[in-house]
Amino acid sequence: MPEPYIRIAVPADEERLAALDRATWSTLHAVSPPPEGPFFDERHLPEDYLVAVADGRVAGYVRIARPTPLASNAHVLQIQGLAVAEEARGRGLGRALIRGAVEEARGRGARRLSLRVLGHNAPARALYESEGFAVEGVQPEEFLLDGAYVDDVLMGRRV
């Protein structure tokens with residue numbers, strides 16, 4: 001397979017994904033640090049993740065899951081996490097993961113794909129907008145991070 005490439009996660013990816021989560025965590029894009037427990041659990045299954053493989057190893061991931069358990073909301077999937085290893089940035093992995101998420105959502109029968117992004121994360125917002133996501137709502141000053149109030153921005157698109 002040509003690299004980088006996108007695939008569904010497998011249980012053997014757990015250690016690398018947990019390390020990637022810890023290494024990339026920052027208040028630029030997350031409101032709390034990653035949990036100490038296992039990366040995969042009953043709510044975070046391997047099949048919920050697409051991984052980007054570069055140079056023969058997992059270098060990024062995107063998590064796609066249902067935002068609610070409601071049957072009336074089953075046509076919507078949500079991006080609930082995106083990370084790219086520092087050494088792999090600038091190679092298009094984030095964009096490839098977003099495109100992979102859109103394709104995966106379409107393949108799962110979703111009509112919409114949504115996400116939440118912190119208002120101060122301008123690089124992520126620009127990436128999402130360039131891939132067809134539009135701002136659908138803003139919760140002003142929803143989080144207090146590093147002494148500053150930060151908006152929570154809801155974005156979405158049709159798949």
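The following legends describe close-up views of a predicted model.

View 1. An open sheet with mixed pairing is built from seven strands in the order E1-E2-E3-E4-E5-E7-E6. On average, neighbouring strands are turned by 25° against each other, direction ignored. E1 and E2 run antiparallel and are joined by four bridges. Tyr 5 has Val 53 in E2 as its bridge partner.

View 2. H1 touches E2, E3 and E4, and its direction makes about 85° with that of E3. H2 also packs on the sheet, where its contacts are with E1, E2, E3, E4, E5 and E7. The direction of H2 makes about 160° with that of E4.

View 3. H2 comprises 15 residues (93-107) and spans 20 Å from its first C-alpha to its last, close to the 21 Å expected. Its buried residues are Leu 93, Gly 94, Leu 97, Ile 98, Gly 100, Ala 101, Val 102 and Ala 105.

**View 4. The largest nonpolar core.** This core contains 40 residues, and those with the most contacts inside it are Leu 17, Tyr 61, Ile 79, Leu 113, Tyr 128 and Phe 133. Two or more residues are contributed by each of helix H1 (14-24), strand E2 (49-54), strand E3 (57-65), E4, H2, E5, H3 and strand E7 (148-158). Beyond residues up to four places away in sequence, Leu 17 touches Ala 9, Phe 39, Phe 40, Val 51, Val 58 and Tyr 61.

View 5. Gln 78 belongs to strand E4 (residues 76-84). Its relative accessibility is 13%, and Gln 78 therefore counts as buried, the cut-off being under 20%. The side chains of Gln 78 and Gln 80 are joined by a polar contact of 2.9 Å. Apart from neighbours within four places in sequence, Gln 78 is in contact with Arg 63, Ile 64, Ala 65, Pro 67, Leu 113, Ser 114, Leu 115 and Arg 116.

View 6. Asn 121 is located in the loop between strand E5 (112-118) and helix H3 (122-130). Asn 121 counts as buried because its relative accessibility is 6%. A polar atom of its side chain lies 3.2 Å from the backbone nitrogen of Ala 124. Not counting residues up to four places away in sequence, Asn 121 touches Leu 28 and His 29.

Notes. Residues numbered from 1 in each chain as written. Predicted model: local features only at pLDDT ≥ 70, side-chain atom pairs only at ≥ 80, totals over all residues. Heavy atoms only, no water. Expected span 1.5 Å × (residues − 1). Buried < 20%, exposed > 50% of the residue type's maximum accessible area, 1.4 Å probe, protein only. Contact = heavy atoms within 4.5 Å. Polar contact = N/O pair within 3.5 Å; in protein donor to acceptor, adjacent residues only side chain to side chain. Core = buried A, V, L, I, M, F, W, Y, C linked by side-chain atoms within 4.5 Å. Pairing = 2+ DSSP bridges. Axes fitted to C-alpha atoms, helices over the stretch in contact; angles between N-to-C directions.
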